[in-house]
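Visitor: Could you walk me through the aromatic rings in this model?

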Amino acid sequence: MDSRKAVHIYHRNLAMVVGLILLMFLLIPAMVKSPYILNIFVKEINEEFKAEYGVDMNGHSAESYTVVWLFKAAIEAAGSTDGAAVKDALANLEINGEFPGGRKIVLPYDKIKFENYDLAGEAHYRDNTSASVAIAQIQDGQWKTVWPFDFSDTKIAYPAPLQ
């Protein structure tokens with residue numbers, strides 16, 4: 001492997017890790033505390049979660065919740081719990097907005113579909129190409145979702161005030 005390809009792979013993986021960190025620790029907590037996002041995506045689900053566990057959902061709980069519903073849909077589509085059948089069902093599953101007979105997707109996107117694609121000459125397999133991230137910022141001591149703009153009523157404070 002040449003050094004340019006290795007650097008590209010390193011940067012791609014680093015970006016993925018940073019994105020996951022933002023999702024886990026910034027985005028989901030900001031979503032459940034933002035009245036605008038909360039009303040759109042997760043208000044009822046977060047209220048049920050908080051009643052059961054005493055805390056708001058965070059990135060880990062939101063992703064875990066999504067995966068449970070995803071496997072439920074795949075097992076039902078497969079008509080079996082056989083590993084190969086569930087794997088095939090996952091490969092062909094497309095969730096739009098909400099799970100069949102279930103709840104809305106609580107992550108910051110409204111579609112789950114695993115696809116293969118090429119990016120910068122690198123093949124990627126079975127990625128959820130509809131997945132996205134958001135950016136949150138602490139303003140007035142509260143996490144506020146500031147991007148994407150379509151899902152936020154809070155403006156980015158730039159430069160961020162030092163306190």
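Visitor: Is Y53 buried or exposed?
Guide: First, this is a predicted model, where local features need pLDDT of at least 70, side-chain atom pairs count only at pLDDT 80 or more, and totals for chains, interfaces and linings use all residues. Residues are numbered from 1 along each chain as its sequence is written, and side-chain values use heavy atoms, leaving out hydrogens and water. Buried means under 20% relative accessible area, exposed over 50%, and partly exposed in between (1.4 Å probe, protein chains only). Y53 has 55% relative accessibility, so it counts as exposed.

Visitor: Which class does the ring pair of W69 and F99 fall into?
Guide: Rings of Phe, Tyr and Trp (its six-membered ring) pair if their centres lie within 6.5 Å; planes under 30 degrees apart are stacked, over 60 edge-to-face, the rest tilted. For W69 and F99 the centres are 6.0 Å apart and the planes at 25 degrees, so the pair is stacked.

Visitor: How far apart in sequence are the parts that W69 and F99 tie together?
Guide: Helices (H or I, at least four residues) and strands (E, at least two) are DSSP runs, numbered from the N terminus. W69 sits in helix 3 (residues 59-78), while F99 is in the loop between strand 1 (94-96) and strand 2 (111-119), so the parts tied together are 30 residues apart.

Visitor: Are W69 and F99 buried or exposed?
Guide: Go by the accessibility cut-offs again. Both W69 and F99 come out as buried.
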